[in-house]
Amino acid sequence: MWSYHVEFSIAETNSVIEHDSTQTNCALTSLKIPLPIHKAVPAAPPAPLGCDDPESEAAAEVAVNYINGHSHHGYKFALNRIEDIRVVPQGPNNDIIFLELDLLETKCPILSPTPLANCTVRSFADHVSTEHYQLDPKAVEGDCDVKLQKVDGTLSVLASKCHSHADSGEDIRKVCPDCPLLASMNNTEVLETVSAALNDYNSKTTESYLRLLEIGRAKIQYHPGHVVITEFAVGATNCSAEEAKANVGACQLLPEDQSNFGFCTAVMVKRPSQELQVDCQMYGHQPGVTYIHPGQDTSAGLAPSAAGFTNHNLGLAHNNPVASESSSSEILRSMLSAKSVTKRAVAEAAQRDKVPRPVGFVPPPPPCPGKIRHFDI
């Protein structure tokens, strides 16, 4: 709206004005003329972000890279779905962003140099080829709450909390009744297979002697044959395989500036015949890539060991030490608050849906949760 109000005064006078030879006596008095005055209208708040908006996906990408970068065990995770997002403005060009993410485990070990974009997500239940015993482990899902800050367009992670779990045996049986389930990593048959595979590889290689770092996954099949399938991470030592035969106890992992990590798969057939297949791939030295032994204290607060479990839990609870708002309790309180707001929004939307709509009306999709990129567990 535009409106003006202007006041001005002209003093009375008896002056004579000559104009076209005509004399006129003027008597002027004070005048008040209303003019429009501009009144600023406050800007409408920005529409809430949807889970599939480009800004949301950009934040999720930063979050997933951060999670993988601070995990030292198991496998890399890929984004499956943005479950929820909430933006809390802090000032000009300064926002706090809360994300709820659904992740899926890939086939890339965490130590692998393969970019995440090139990593294959584990399928929910791949077809089983019993002839060649190519049994692909099943999906593992990760649930993460992440708090980010966006300042002048730059995103950074302040805190994150994740956990992961393998799909249930019941779910697998529904899709693939004959598929073997994940075995415990400290299962006797699993440990025997890993030990036999590593000994077999070291006895044949002319390169560095390899030491076991951790078992990644394992499965046992009993029908139609008895087969043990394992995946495990290894590290090169300062001994050759030949030198290790004399004194294996002296063989230590290479120092950080020379480290060389790799990954092996092994299949041991126990019945109807006995056979051992081993394949190892070494990644070469990767500056900045380190392996944290289970039990060591880490900045990410990872679970100390996967013994007794079927998958490495993405037990990431990390606070950025340089962030001003990095309290883990604060992020949980904020997440709970965000979830309650979301529930209220869903309830309100349900009430709106009861309002009669014109024939042919198609309601817009809800802003969250977002699309599923791979599959739902």
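Modeller: A residue is called exposed when its relative accessible area is over 50%, buried when that area is under 20%, and partly exposed in between, with a 1.4 Å probe and protein chains only. By that rule glutamate 242, at 55% relative accessibility, counts as exposed. This is a predicted model, in which local features need pLDDT of at least 70 and side-chain atom pairs count only at pLDDT 80 or more, while totals for chains, interfaces and linings use all residues. Residues are numbered from 1 along each chain as its sequence is written, and side-chain values use heavy atoms, with hydrogens and water left out.

Now the pairs themselves. Side chains of opposite charge can pair when their charged atoms come close. A salt bridge here is a side-chain nitrogen of Lys or Arg within 4 Å of a carboxyl oxygen of Asp or Glu. The structure holds 10 salt bridges.

One of them joins the side chains of glutamate 242 and lysine 245, at 3.4 Å from N to O. Helices (H or I, at least four residues) and strands (E, at least two) are DSSP runs, numbered from the N terminus. Glutamate 242 and lysine 245 are three residues apart in helix 4 (residues 241–246), so about one helical turn separates them. Lysine 245 is exposed, with a relative accessible area of 58%.

Another salt bridge is formed by glutamate 55 and lysine 150, whose closest N and O atoms are 3.5 Å apart. This pair links distant parts of the chain, with glutamate 55 in helix 1 and lysine 150 in strand 7 (residues 140–151), 95 residues apart. Glutamate 55 has 48% relative accessibility and therefore counts as partly exposed. Lysine 150 is partly exposed as well, with a relative accessible area of 22%.

Arginine 217 and glutamate 105 also meet through their side chains in a salt bridge, at 2.5 Å from N to O. They too link distant parts of the chain: arginine 217 belongs to strand 9 (residues 208–221) and glutamate 105 to strand 6 (residues 94–109), 112 residues apart. Both arginine 217 and glutamate 105 are buried. A network of salt bridges links Glu105, Arg122, Arg217 and Glu231.

To return to helix 1, this helix covers residues 54–69 and includes glycine 69. Glycine 69 counts as exposed because its relative accessibility is 52%. Its C-alpha atom and that of valine 289 are separated by 9.6 Å, although glycine 69 and valine 289 are 220 residues apart along the chain.
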